Amino acid sequence: GLQGYDTGNYNFNGSYKSVKEIIEDADLAMGNLETVLSSTWPYMHEEAYINNKANCNAPARYLDALKYAGFDAVVMSNNHNCDAGVQGLVETIAQVERYDLARTGVFKSEYEQRGMLLDVKGIKIGILSYTTKETGFNKKDLLWSENDVNVKLNYYEKEKAAKDIEALKQFFKKAKGLFMKKTKKIQKIIPQEEDIISKRRL
């Protein structure tokens, strides 16, 4: 089965009951997923702090509530990315994909597009998500390998952001020939894997 698959009997829908109608009515509903979702790490309600640092880790069933509320996408780069280690971040990405939420800000590999490409009612939108070095990852990234930090996390640098913006612009020019994955309100533009790989190797 899927690593990090959560079978816990959790229900967070009530958190969004009063705003569900507003969120569902939006052409694009996007939020900051400021937690990891790892079943192999203590949840926050079990251990709120680990080594005197906040431990933001929620059951993956939290994503049930986001889908219930009507969210379409999440940005994921924030100071809690490293709370459950590399494995915890890998599980989090897998869960977000399992729930079919568009995402950006953290990544599985160096070949993954560093931004989110969306078509909302014919309007093409590029979304980028970073964490500044001033905010950081609560110094937990110091326990990660340099490769994992560079590939999976997304520190903000002006020059890098400029390159990412230009890459999204170029992808939008090619978007007509790309596979469009339809969701309720948006079309998530998913570039073909071999196209990404060829771009990265140029």
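Let's start at a hairpin, the one made by β6 and β7, with two residues between its strands. In that hairpin, K121 has a positive phi near 55 degrees. When I say strand, I mean a DSSP run of E with at least two residues, and a helix is a run of H or I with at least four, both numbered from the N terminus.

A quick word on where this comes from. What you see is a predicted model, where local features need pLDDT of at least 70, side-chain atom pairs count only at pLDDT 80 or more, and totals for chains, interfaces and linings use all residues. Residues are numbered from 1 along each chain as its sequence is written, and side-chain values use heavy atoms, with hydrogens and water left out.

Strand β6 covers residues 116–120, and strand β7 covers residues 123–127. They pair in the antiparallel sense over five bridges; two strands count as paired if DSSP finds at least two bridges between them.

M116 counts as buried because its relative accessibility is 3%. Which residues does M116 touch, leaving aside its neighbours within four places in sequence? Its contacts are M30, A73, V74, A102, R103, T104, I125, G126 and I127, where contact means heavy atoms within 4.5 Å. One of these, A102, is 14 residues away along the chain, and the C-alpha atoms of M116 and A102 are separated by 7.3 Å.

Strand β4, residues 73–75, runs parallel to β5 and is joined to it by three bridges. Within that pairing, V74 has R103 of β5 as its bridge partner.

Next, the nonpolar cores. In soluble globular proteins, nonpolar side chains tend to be buried together. A nonpolar core here is a set of buried Ala, Val, Leu, Ile, Met, Phe, Trp, Tyr and Cys residues joined through side-chain atoms within 4.5 Å. The largest one has 26 residues, and L33, L63, L66 and V96 touch the most other members. Two helices, α2 (62–69) and α3 (85–98), each supply at least two residues of this core, and α2 gives the most, with four residues. Take L63 as an example: leaving aside its neighbours within four places in sequence, it is in contact with L33, L37, Q95, V96, Y99 and L101. Apart from this core lies another, of eight residues, including L118, V120, I127 and I186.

For contrast, let's visit a loop. N51 lies between β2 (49–50) and β3 (53–54), and N52 is in the loop between β2 and β3 too. N51 has a phi near 55 degrees, positive in a residue other than glycine. N52, also not a glycine, has a positive phi of about 65 degrees. Why do we call them exposed? N51 counts as exposed because its relative accessibility is 70%, and N52 because its relative accessible area is 76%.

What about the cysteines? C56 is buried at 14% relative accessible area, and C82 is buried at 3%. The structure holds zero disulfides, a disulfide being a pair of cysteine sulfur atoms within 2.5 Å.

Finally, the overall view. The protein has six helices and nine strands, and 48% of its 202 residues are buried. Among contacts between residues at least 6 apart in sequence, 73% join residues at least 24 apart.

Definitions and conventions:
Buried < 20%, exposed > 50% of the residue type's maximum accessible area, 1.4 Å probe, protein only.
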